[in-house]
Amino acid sequence: MWVVLKINKNELNTLKRELNKKLNFEYNLYIPKVYYKKNFLNKKIQSKRELLLLGDYVFCFSKKFKEKRFIYLIKFCKGLKSILIGKEISQKEIIEFINKCKYHEISDGVISYSFFRVLEKQNYKFLSGPFANYLAQVIKVQKEKIDLLMGNLKVSFKKRSYLLNSQ
């Protein structure tokens with residue numbers, strides 16, 4: 001069973017040691033991340049940085065989590081802020097998300113930018129903003145903006161403005 005752990009990023013190694021002790025190495029952590037470049041000194045120096053895709057959240061799988069006592073056992077591990085228990089109904093969605101991340105992986109847990117690519121002629125649903133839960137078809141994808149068709153209405157917006165979900 002999958003659970004989502006909210007962690008202290010600085011204490012990830014400590015958390016792994018604690019999980020090893022309490023679960024006897026019978027668990028699997030999945031931490032999706034991306035690399036990004038940061039410019040220093042007017043773009044003369046670039047450094048490659050790692051960013052956790054889900055911020056403070058990581059996925060943890062163990063067959064033992066079907067028993068609530070094991071979830072309670074890890075609840076007080078050092079480095080752990082809280083646990084979001086993956087109920088049976090959300091297991092399918094968690095597995096689909098992890099499989100999508102793994103499909104777009106470059107190396108161990110590092111996600112390529114194709115994960116975020118918006119495709120033309122695809123249908124999407126807005127997850128936030130004034131068009132939340134509306135379906136739209138992508139007409140044109142440009143560097144900074146996306147043109148959509150919602151019924152008879154043509155809409156343009158900046159890529160970073162809203163979250164879209166593939167339908």
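## Lysine 64 and its partner

Lysine 64 counts as buried in this predicted model, with a relative accessibility of 17%. The classes used are buried for under 20% relative accessible area, exposed for over 50% and partly exposed in between, with a 1.4 Å probe and protein chains only. The side chain of lysine 64 meets that of glutamate 26 in a salt bridge, at 3.8 Å from N to O. Lysine 64 is in the loop between β5 and α2 and glutamate 26 in the loop between α1 and β2, so this pair ties together parts 38 residues apart in sequence. Glutamate 26 has a relative accessibility of 46% and counts as partly exposed.

Because the model is predicted, local features need pLDDT of at least 70 and side-chain atom pairs count only at pLDDT 80 or more, while totals for chains, interfaces and linings use all residues. Residues are numbered from 1 along each chain as its sequence is written, and side-chain values use heavy atoms, with hydrogens and water left out.

## Other salt bridges

The structure holds four salt bridges, each defined as a side-chain nitrogen of Lys or Arg within 4 Å of a carboxyl oxygen of Asp or Glu. One of them joins lysine 9 to aspartate 56, whose closest N and O atoms are 3.8 Å apart. These two residues link distant parts of the chain, 47 residues apart: lysine 9 lies in the loop between β1 (2-7) and α1, and aspartate 56 in the loop between β4 (45-52) and β5 (57-61). Lysine 9 is partly exposed, at 45% relative accessibility. Lys9 and Asp56 are also linked with Lys81 in a network of salt bridges.

Glutamate 67 and arginine 69 form a salt bridge through their side chains, at 2.9 Å from N to O. Glutamate 67 is partly exposed, with a relative accessible area of 41%. Arginine 69, at 56% relative accessibility, counts as exposed.

## The loop between α1 and β2

The loop between α1 and β2 contains asparagine 24. Although asparagine 24 is not a glycine, its phi is positive, at about 55°. Phenylalanine 25 is found in the loop between α1 and β2 as well. The phi of phenylalanine 25 is near 65°, again a positive value in a residue other than glycine. With 61% relative accessibility, phenylalanine 25 counts as exposed. Glutamate 26, the partner of lysine 64, also lies in this loop.

Leucine 73 belongs to helix α2, which spans residues 68-74; helices (H or I, at least four residues) and strands (E, at least two) are DSSP runs, numbered from the N terminus. Leucine 73 is partly exposed, with a relative accessible area of 36%. In sequence, leucine 73 and leucine 23 are 50 residues apart, and their C-alpha atoms are 8.8 Å apart in space.

Tyrosine 36 has its place in strand β3 (residues 33-40), where tyrosine 36 counts as partly exposed at 31% relative accessibility. Strand β5 includes tyrosine 57, which is partly exposed with a relative accessible area of 30%. The C-alpha atoms of tyrosine 57 and leucine 84 are 9.4 Å apart, and the two residues are separated by 27 residues along the chain.

## The second largest pocket

The volume of the second largest pocket is about 170 Å³. Its lining consists of Leu12, Lys16, Leu29, Tyr30, Ile31, Lys33, Glu105, Asp108 and Gly109. At least two lining residues come from α1 (12-23), and at least two from β2 (28-30). By class, the lining has four nonpolar, one polar and four charged residues, where Ala, Val, Leu, Ile, Met, Phe, Trp, Tyr, Cys and Pro count as nonpolar, Asp, Glu, Lys and Arg as charged, and the others, Gly among them, as polar.

A pocket is an open set of points on a 1 Å grid over the protein atoms alone where a 1.4 Å probe fits, with protein on both sides within 12 Å along at least five of seven lines; lining residues have an atom within 4 Å of a point. Points are joined across faces, edges and corners, and the volume is the space filled by probe spheres set on them.
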